[in-house]
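Hi everyone, thanks for coming. Let me put the structure up on the screen, and then we'll walk through a few pieces of it together.

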Amino acid sequence: MDRSLSLYQQVSQYFQPLGNVEALVLTTFGLDVHYLERSILPAFFPNLGDGPADEPHRPLFEYLEDEQIPVSVVYDANQLVRGETVISSQMSVTKELRWQAHPVVRASGCFHPKLILALVSDGEQQNLVLGCASANLTQPGWGRNFEACALETIALKRGIESSLLVDIGQWVESCQSYSRGSAALEMIKDAISNANPHGSGTRVHDGKYCARLWFGQGGLGLGEWLKRKIIPEDIRSGDWRLEILSPYISHEIPNMLSWVNKWIGTSQSDVPKILFYCPRDGELIDLDHAVLKAYESLENVGWAELVGESLKSRLKDEHGNTLNRFLHAKVYRFYTEETEILVIGSANATIQGHRDRLRGNEEACLVLRRKQVQGITLKPWLKYIERELTADDCKLTPSADEDSGSEHLMANIQAQFDWSTRVLTLANLGGTEVLVYLGSGSELCCIAGGGSWKEELDSQLVGSLFRSPAVRVANNDSGGQAWIYLVEELNLHEKPPAPSMERNVDDLIRDWQVGTDQRIAERVARESMPDDLRASSLHASPELDEGAVQDRVNDLFLAIYRFRREIEAKLSSDINDNRFARNQVQSRLFGRGGMSVRYFVEKVLASTLPDNSSEASMSPVEGYLAVLTINDALLEIAPAIPPTEFPEQMDGLLAVVGQSQARLRNSVFEVLAQENSADEAERLVCWVEENFRYTRATKEAS
Amino acid sequence: MNVPLVFFTAEDPREIPRGSRDPLRFLPVWAAIGRRMVPYLTTVTPSYRGFLTRFLFHGGLEELVPALADAPREAQWEAFCRFEQLCAIVRSSDELSVQTRNFPGISGISTRIKKAKFSVGSETSYWLVMSQKNTGFWGYYHQASMGSGILKNNNSVPSGYQLSDASKRIFDESPARVLINKYAGTLRAVFTKKVVELSISEFDELAQLFAEKPYFQGTWGEFWYQQILIADSEIGTGYSREIKESFAEAIAAVYRPGLSQGEIWERLTESNIDAVRDHAINVQANEAVIGLCEWVFDVCRLRHEQGETLDKAGEWAKDHGFNSDWLSRLANLSEPPDEQLREYRELALSGENTFQPLAIELLKRHKVVMSSRKSAPWVEVLDSGQLNVREPVAEILPKDFKKHFQRYPSGVRWRYDYFMNAWTSAASEIGFLPEAENG
C-alpha cells in the first residue's frame, strides 16, 4: 500500500487521466463546508489547476458557474463541523461553490459512509469511479489523519457483468431515500440503469481480483455478508490471518470476530492469527480496559502496532515534539501467503459499524479479493505486542467512539429550497413539534410532528438563504436546544454566485471574451509565475494581464460577439443528445451564475445606475450599448433554439433584458438632453441604435 | 475494470507550516537593486537556449506558416508546445552527436524515443511538464524575451508574438533560418498538426545549433550578447547599456568556474570601473544588512533545552558570532539605499547589546509578513520575553565565522545573488564566459 501521498494528491492523480467529471457524490459523517470547498472538491477537477493561495477553489468556482456539473454531499446532520468543532446553531454557514448538501438524520445509529461516486467521461468512454475511504470531509480527515482509501473504476458498457456495479446501483437507490433532490445521484442512477449490469457473483476479474461493495444490503451485517459472499467455505482452507485497523473498538465483540476466531484457528507460532491495531495516544493505549478484557475471550486475537513510522507527523507540538498522526483507517485484511481480501471503508470494529444490530450505522466498504503476484509473499502490516497489556497502560478517558453517540434527540427535518420557484419546503419527520428559524430573524414557522410547511419566500428571506443556505431548528422537548441544517437546494443554476466570489463589470467583460479553459488557465498561470518574476516585475505581463490598452466599448462588443458565437455553435449541435452543451446553454442563457446573461445585465445596471452608496463605474452610453448589444445577440440566438427547448425561459429573459435596456435608454437620454435639446438627444440615441445594432435585419440592410 | 488503487494517506503538505522562503520579505528589496543591472534574467530564465527556442519558433512561423505568425497567442501556443517538445528531445537524445541537457521537463522524456522515432503533440499526455504552458519556455520566457527585445506583440487581437524588427533582421541572415528551411516540411507539420511522429536522426544539426556558443560568430553572437547579457532596461529603471557592458567585462575579468556569486560580487567591489564598483558596493551594503537580519531571525527560531526566550537567543548569538568582530566588519561597509534596512543597520551597530532590540524589530516585521500571507508567524515574542517557536530552525550558517571571514573578509553573509547566477549561466552558454567543467 502506497502511503506517500495525501488523499488530495492521490485523488487528483487518479482523476487526472479520466476526463471530465459529469456528476459527483460524496458521503461523509463529518462535514466541514469551508474545508470541503477549498481543500477537497478541487481534487476531483485536477485539470483546472490550483487557484491562488487564498482562494484555491477559484478555478473550480468558475468552472461550476459555467458548467452545470451536479455535485452532492450527503452527511450526518449531527456532524456539521468547522475545523475540529461541531458548529453551534448560532453560527452561519456559507457556501461559495455550487453543490447540493443533503443532511441525514437517523433515528438511531449514524450516517457514516465515506464514499466517492463520480461519473466521468473522456469524450468516448463513460466510467464510474467508486472510492471507499475512512476519511471524513474535514481537515483532519483529508489533511492529517492516517486514513485508508480504495478507488476503483468501472467502464459503463451496456450489459456489463459486474456485481460491483449492481451493488452500487442498489446503494444509489438506498441513498436517494435521504437525498431525493440530488441531481448527481439521479444522473448516476440513470447511467447505471443504461448500462443494465448483471451480477457476476464473486467471479475473479481477469484472473486477478473481484470487487464488491458492502453497505448492509439484504440486512446482512459485515461478518455475515463476508461469510456468504466473499469467503465461502471452499476458500477457507489454508493458513489465513487477519489484521484489523480501526480507531474505535466496542466492548461487545462484532459477530465477524467471533466467527473468524473459530474459523481461522490457532496459530502454530507465538503470534496470534488475528492482530488488532492497538490505538494509542502518546504512551497510553486509547482504549477502555474493558475492551481489552472482552477480547481476552477470543484466544486467537492479539494486540499489535503498525510496522514502520507511518504515524509520525511532520507537525510539532508547542514544545517542538513530533506529533503522532491519528489512525482513523478502518481496514480488515484477511490474507494467506498468496491471497488477500481487503475490506476498506467506514466500518469501525464495533457492533454499530458492522451493523450487527438491525439499527446500526449506515456504512460502506469496498471489498477486494485478489491473488498476489507469483513469487511475492504477502507480509504482515502489524507487529504483535508480546507483553501483556494492563489497565495501567490504558487512558482513563479514551477518545469518544464516533459510533457511540448514535442515540440523539436531533429533530428529523427535511428542508428543500427551489431557486427557480423560491419555494421553501419543510417536512418534520419526527414526532414532536419544532420551531424553524431562518437567518437571524424571528421564527419562520412551527411544524407539528409529522407535519410540513411550504411557502414562497419574500426577497428578504431569499436573501437570507442566499447568504447562508441553512435553517435553524429548535425542538421544545430538548430544553431549548437548536440545530443547524443545510438546506437541500434545487435548481442551483438559478442561484446567484456567492457574494464573496463576486466580480466587477470589467472582470466580466474580460471573462466573456474568452472560453472557460482559457480563463482558468490564465488565472492559474498568473499564480504559477515565480515570485521574483512577479514581485520585481515593474510592468504588466503581456501574457497574463492583457497588455493592450483597454477600450471598454470595443471589449464589450468583442465579449458579446464571442458569447453569441459560442451559444450559436452549441445550438448548432444537437443539444438534446449533448447534455454538456444543453447545460451550458441553459446556464449561460437562463441561469443566474457568474457567467449568465442575467448576472451580466445586473452588473451593467449596477455599474451604470448605482444606488446611493456607490459611484457609477460605467457611463450611461457604455451601459446602454452593453445591454443593447446583449439584446441583439439574444434576438439573433432565439430563432436557433429548438421550439422544444426553453421557449418560455427565452421570452422571460428577453423581457428582463428589454426592461433593463429601456431603463438605460432613459438614462442616456437624460444625460444627452442636459447638454443638447431633447430633439437632438433623441436623434443621437436613434443614430446609436441604427449604427451599433447587430441584428440580422440591420446586417441585411447594410 | 482497472486494477483498484488501495492506499493509506500521508499528511496533506498544505497542512504543514510552509517552509516558504523570505519570511522577512526582503526579496522585493534585493530584486529591485539586482534588476537595475540584470533586468530580465531570473532563476527560471537563466538559459540562452531558452531564448533561442522562442527565437527559432517565431522565426520558423514567419518563414513557414505566416498565418500563424500573425495569430493570437492561444493559437501560437499549441504549435509552440509541440516545437518545445521537439527541441527538448533533440537536445537530450544520446542518438545525436551532441547534447545540451538541463531544461524544464528533461526527466520525463528519456523514454519518448522508440526505435529512433518519437511523437510530439499538444495534448496534455505529450507535455514535458505537468503545466508545460506555465512552467515551460512559453510561460517563463515570454516576459524576458519581450523585455530583451527579442520578441514583440503581433497585430492580432488578442495579440500573439513575433520576432522584433532587430530579431527578424538577424534571423533572415542567420544559420537558424537556413536550418529552419532545411527542416521546412517537418516543421510545418509540427506547427500545424496536433500530433506528429518524427525521426530523431533527422535533427543532428538542430542539436548542434543548440550546442554552439554564438559569442564568437560575428553579428549572430553580437546579437545574443546584446539582447541577453546587456539588454536595455525599461526607461528609468536600470543602468545604461554602456554600464552594463562594463559590468560584463568586469565579470569576465574576475570570473572563474566554481566561484560563488558572493565571491564574484566581492571582487567586483574592487573593480577599477567606477560604475561597476559602485553597483557592487551597493549590492554588498544591501546584502550585509539582509544577511545579518536573517541570521538574527534564525537565532530566534533555535530551540534550547531550557526553553526559548529572547535572553537565551541573545546569549547564544553572542557566543556564536554576534560580536564586535562581525559587527565592526559590517560597520566598515556602506549604508544600503533602503530606508528600513538603514534603520536595522543603525540599530545593530548602535552599541554592544543590540541583538534583542534588532530581534524585536525583525519579529514584528515577520509577523506583519505572515499576517499578509494569512499564516501564523514562525516565531513570535510574547510579553514575557518567551519566544513561541512554531517553525524551528535546525542549523544556522555560517557555523564557523573564522572560516567565513577568510572567504568573505567583508563579513557579508551572502544570501541572495542579485541574478548573478542566472547571468553567468546565460553568459557561459553564449560563450562569453568559460563553462564550468561539470556543465
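Before going on, some housekeeping. What you see is a predicted model, in which local features need pLDDT of at least 70 and side-chain atom pairs count only at pLDDT 80 or more, while totals for chains, interfaces and linings use all residues. Residues are numbered from 1 along each chain as its sequence is written, chains are lettered from A and ligands numbered from 1 in the order in which they are written, and side-chain values use heavy atoms, without hydrogens and water.

A few terms, too. Helices (H or I, at least four residues) and strands (E, at least two) are DSSP runs numbered from the N terminus, and two strands pair if DSSP finds at least two bridges between them. Contact means heavy atoms within 4.5 Å. Axes are lines fitted to C-alpha atoms, for helices over the stretch in contact, with angles from 0 to 180 degrees between N-to-C directions.

Now zoom in on strand 11 (residues 274-277) of chain A. In a regular strand, side chains alternate between the two faces of the sheet. Here both faces are covered: A:Ile274 and A:Phe276 on one side, and A:Leu275 and A:Tyr277 on the other, are all buried (under 20% relative accessible area with a 1.4 Å probe, protein chains only; exposed is over 50% and partly exposed is in between).

And the neighbours? Strand 10 (residues 241-245) of chain A runs parallel to strand 11 of chain A, joined by three bridges, with A:Glu243 opposite A:Leu275. Strand 14 (residues 301-306) of chain A is also parallel to strand 11 of chain A, through four bridges, and there A:Phe276 faces A:Trp303. Strand 14 of chain A then pairs with strand 20 of chain A in the antiparallel sense over three bridges, where A:Leu306 has A:Leu382 as its bridge partner.

Next, a sheet that uses both chains. Seven strands form an open, mixed sheet in the order 5(A)-2(A)-1(A)-6(A)-7(A)-8(A)-1(B). Its edge strands are strand 5 (100-104) of chain A and strand 1 (5-8) of chain B, and the twist averages 15° from one strand to the next. Where the chains join, strand 8 (residues 148-155) of chain A and strand 1 of chain B pair antiparallel over four bridges, and A:Leu151 stands opposite B:Leu5.

Last stop, chain B. B:Gln284 sits in helix 14 (residues 274-300) of chain B. Is B:Gln284 buried or exposed? B:Gln284 is buried, with a relative accessible area of 8%. Leaving out residues up to four places away in sequence, B:Gln284 touches B:Glu266, B:Thr269, B:Leu333, B:Ser410, B:Val412 and B:Trp414.
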